[in-house]
Amino acid sequence: MASSTPLKSILKKPPSSYPATSSSSTSKADRDREVALYHANLLQQRKDVEFTIVLNMETLIDFPHAGPPHDASNPSLSDARSFKELLRPFRPSDYDALIVERNINELCGYALCPNPRTKETGGGLYRLLGMNGKAKDFKVVKKEELEKWCSEACAKRALYVRVQLSESPAWEREGAQTVNIDLLDEPKSEEDQAVEKMRNMHLNNTGDAERRQDSASLALERGETGAGRSGLMDIRIQENQTQDPAQPPSLDTEELSGRLDTMHLTMEGHTPSFGSRRQRRHEDEYGSPGGEDIDVDVDRDWRV
Amino acid sequence: MSADDDRAIKLREAGEREAARLWRAWRTVHEMVQDRGYELTEEEVKISLDQFKANFTGPDGTIDRRLMRFSARPSDAMMIKYANVPTANNPAAASADIGTIWIEFLPDSSVGIKQMRNFAQYLASNNFHTGILVTNVNITPAALKIIPAVASETRIECFVEQDLLVNITHHELVPKHVLLSKEEKTKLLERYRLKDTQLPRIQLGDPVARYLGLRRGQVVKIIRKSETAGRYASYRLCV
Ligand SMILES: [Zn+2]
């Protein structure tokens, strides 16, 4: 590639101007060289991205940087932010490679977790999980799959991130396709949240202040006073006292067959009680509501 | 009692097998380094199994791979072979792109980015021109991507112990491969009025090319024995 003439950068052109089709170059040799360069550049770009991924991986092996108060369920803000940033060019396969690399260094596969990975004692290739829960929790898992993490929670956190990664290689992604990654457990210490708020405030601030100034001067011009504001409703939201510990929502399967009749009428899980279609049909036929059939229906509505 | 004895015997036998394995890999690496043209004494290359065990057995009675490491300097003949030929537009040819080689066996049960980076740093900080990393297991693909990235500082080659148990070049069906110097390559191409790309090729990843540590653009002379034609030579360009 030792050429005396300065080489034009083809990278800066949009991809649409594929050199073979551009009419600007005249001789065949020129065109050939441009095509070769174009492809060489693409290849170089690809190599660069691949190497960036390796470097990012290397950085993520030593994650997290923050000390004891932070862990996988509560990562520090800076760690979480750079974690997302570094993962941007990753494909799921690169992410798997990162997990392997962390495991080689005896760390939990989830990069925001400071714990060592578990080492299962005893032989056997498989483990049985969920033996004392419901049947649907029962799982047969490969031992090596379990040994990738410090806990099941971390396995979930890591996979939650993995499914958000783009399958297309970074050098083929359009600019708009930047990956924004959410964590299952976002940073939540007060200090970090305050920092986050400050950042957000700073971002919106300049525009806000101007707008407020503008509307204030407009109000002054119109002769409006503070009285106009009293028209707004004053709402205070108060939390209910809770007696029982919070229960996660679940699909209560045993009641499903009982509710099938009215299920199509439910709105966000609630069945309106003012007469199901069946009840109305009943009224049409017999004139007035009544009878055991309807009592059952009403009962059911209450239970739901 | 006898069960314990049994286990002890089995353990010792496994240790013996492992020692013999490592001894063979150790011998092959030395032959390889010598065949490339580095300076090694015959005692170093032809070490006996007993001597090997005496040198590298750790306190726990097994061979300690961390002790298995050595360096070698290129011989004068090798320096000439790698020398750059002064040409018309480059009269002051750059010095030969060759130097001290460092060989290390790694005990780790898995080899990733970290180990590769450490090896590269060790080579660079000790000014080793080339490094050979012999591992027990395959290296992760991500770690292998480190090698081209540090190529400007140091040249890293990787071998798996398993591949070094026998010296492939000693096999009767493998013809002798001899690296040509740059000067010899130029003369060859002039004699046959060829461009080097017109030569038959040998892949960089070919086992013999890896054994000789060939680089892209180098030419090897391959000498075959033939019942009908005696010895004949052919040439291949490394790509
Ligand atoms: Zn973890």
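A pocket here is an open set of points on a 1 Å grid over the protein atoms alone, with protein on both sides within 12 Å along at least five of seven lines, and its lining residues have an atom within 4 Å of a point. Grid points are joined across faces, edges and corners, and a volume is the space filled by probe spheres set on those points. One housekeeping note before the views: this is a predicted model, where local features need pLDDT of at least 70 and side-chain atom pairs count only at pLDDT 80 or more, while totals for chains, interfaces and linings use all residues. Residues are numbered from 1 along each chain as its sequence is written, chains are lettered from A and ligands numbered from 1 in the order in which they are written, and side-chain values use heavy atoms, with hydrogens and water left out.

**View 1. The largest pocket, about 640 Å³ in volume.**
Its lining takes in 18 residues, and B:I147, B:R155, B:I156, B:E157 and B:L204 sit nearest the centre. In chain B, α7 (146–149), β4 (155–160) and α9 (207–212) each give two or more residues to this lining; helices (H or I, at least four residues) and strands (E, at least two) are DSSP runs, numbered from the N terminus. Strand β4(B) has the largest share, with five residues. Sorted by class, the lining comes out as 10 nonpolar, three polar and five charged. For that sorting, Ala, Val, Leu, Ile, Met, Phe, Trp, Tyr, Cys and Pro are nonpolar, Asp, Glu, Lys and Arg are charged, and the others, Gly among them, are polar.

**View 2. The largest cavity, about 60 Å³.**
A cavity is a set of grid points where a 1.4 Å probe fits but cannot get out. The structure has two of them at 30 Å³ or more. Lining the largest cavity are B:R36, B:Y38, B:M78, B:Y82, B:I98, B:T130, B:R155, B:E157, B:L212, B:G213 and B:R215. That makes five nonpolar, two polar and four charged residues. Look out for B:R155 and B:E157 again: both line this cavity, and both are among the residues nearest the centre of the largest pocket.

**View 3. Where chain A touches chain B.**
Here 11 residues of chain A are in contact (heavy atoms within 4.5 Å) with 13 residues of chain B. The buried area, meaning the accessible area (1.4 Å probe) that the two parts lose on being put together, summed over both, is about 1,000 Å², with 64% from carbon and sulfur atoms.

**View 4. Salt bridges across the interface, two in count.**
A salt bridge puts a side-chain nitrogen of Lys or Arg within 4 Å of a carboxyl oxygen of Asp or Glu. A:D62 and B:K114 make one, at 2.5 Å from N to O. On the chain A side, α1 (28–61) and α3 (92–104) each supply at least two of the touching residues. Over all chains, the structure holds 22 salt bridges.

Most residues other than glycine have a negative phi, and most peptide bonds are trans. A:F63 and A:P64, though, are joined by a cis peptide bond, with omega about -10 degrees. A:E106 isn't a glycine, yet its phi is positive, about 60 degrees.
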